[in-house]
Amino acid sequence: MSLVTRCPVCATAFRIHREQLVARGGKVRCGKCTAVFDGVAGLVEEGAERVALEPSPQLGLFDPSRRPASQPPAARQNAPVPEFMARDERRRRSPWAWGLLALLAAVAFAAQGAYRFRAELAAYFPETRGALEAGCEIIGCAVRLPRRPDLMSIDSSDLQADPRREGVIVLNAMIRNRARFPQDYPALELTLTDDAQRPVVRRVLAPRDYLQGARASTLSQGIPAGGEAALRVYLESSASAATGYRLYLFYPS
């Protein structure tokens, strides 16, 4: 069922549906002078007097092209914007705000990932090393070789007494890098045990302890991808009760 309401500003009458009034709490915008008014209060009865009807004021509310171009700026802004219209404006702007927040979150996540895996990125993509090192200079970090103990293994090892020197033992081991990128030399923990496999002596060997002489210069290059490193370390041993040993590698935190 359609009704007729009249704009109190320009006296233009419009045909409007009851559902339109209910949807906006009775508020409508005049399609001719753009004034917002109470459509319920402006209802008129169609009688013998001929009423000139214009298109629905709701069209003027949602279609800016229907607003007269000749209307002066003061006339186009002669009524305050209702609260429900202000809420609509905020809803239209919110997707842009959420998009910006999502973009910032993605950038922050990428930066965090680059920081956490900077060593792997520099190893897999050498062209990124310069940018990563420049970023580390700003935040005070370093781009070192990757340290993935799960991709390192001790393929073989043995511990024997040095036949030439009393109280000296010789540790021989082969470390293999199973990664597809170079890795830093790991630290080694050597534990001497007794007959009951109880620890007698424990010692941690840093890379500089088992890379001696000319081999120490290769420390910064690490163990090549798929490569191996053989080591021999001479250690003093005063624990005559030691009959066995355990050896494993790790990266200090």
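Here are some notes on the predicted model above, point by point.

1. **Ground rules.** This is a predicted model, so local features need pLDDT of at least 70 and side-chain atom pairs count only at pLDDT 80 or more, while totals for chains, interfaces and linings use all residues. Residues are numbered from 1 along each chain as its sequence is written, and side-chain values use heavy atoms, with hydrogens and water left out.

2. **The sheet.** Three strands make an open sheet in the order E7-E8-E11, with antiparallel pairing. Strands here are DSSP runs of at least two residues (E), helices runs of at least four (H or I), both numbered from the N terminus; two strands pair if DSSP finds at least two bridges between them. At the edges sit E7 (152-161) and E11 (228-236), each pairing on one side only. E7 and E8 (residues 168-177) are joined over nine bridges, and Ser-153 has Arg-176 in E8 as its bridge partner.

3. **Cysteines.** There is one disulfide, counted as a pair of cysteine sulfur atoms within 2.5 Å. The bond runs from Cys-136 to Cys-141, with S to S at 2.1 Å, and the link is left-handed, at -90 degrees about the S-S bond. Cys-7 is in no disulfide: the nearest cysteine sulfur, that of Cys-33, is 3.7 Å away. Likewise Cys-30 is in no disulfide, with the sulfur of Cys-10 the nearest at 3.6 Å. As for burial (under 20% relative accessible area is buried, over 50% exposed, in between partly exposed; 1.4 Å probe, protein chains only), Cys-136 is buried at 6%, Cys-7 at 2% and Cys-30 at 1%.

4. **Salt bridges.** The structure holds eight, each a side-chain nitrogen of Lys or Arg within 4 Å of a carboxyl oxygen of Asp or Glu. Asp-162 meets Arg-164 at 3.7 Å, N to O, and also Arg-165 at 3.1 Å. Asp-162 is buried at 6%, whereas Arg-164 is exposed at 65% and Arg-165 partly exposed at 41%. Another bridge links Asp-194 and Arg-198 at 3.1 Å; Asp-194 is buried at 13% and Arg-198 exposed at 53%. Shared partners join Asp-155, Arg-176 and Glu-228 into one network.

5. **Nonpolar patch.** Trp-98, Leu-100, Leu-101, Leu-103, Leu-104 and Val-107 make a nonpolar surface patch of about 660 Å². Patch residues have over 30% relative accessible area and no salt bridge, with nonpolar side chains (Val, Leu, Ile, Met, Phe, Trp, Tyr) joined within 5 Å and like charges within 9 Å. Areas come from the Shrake-Rupley method with a 1.4 Å probe; for residues, only the protein chains shown count as cover. Leu-100 lies in helix H4 (residues 83-116).
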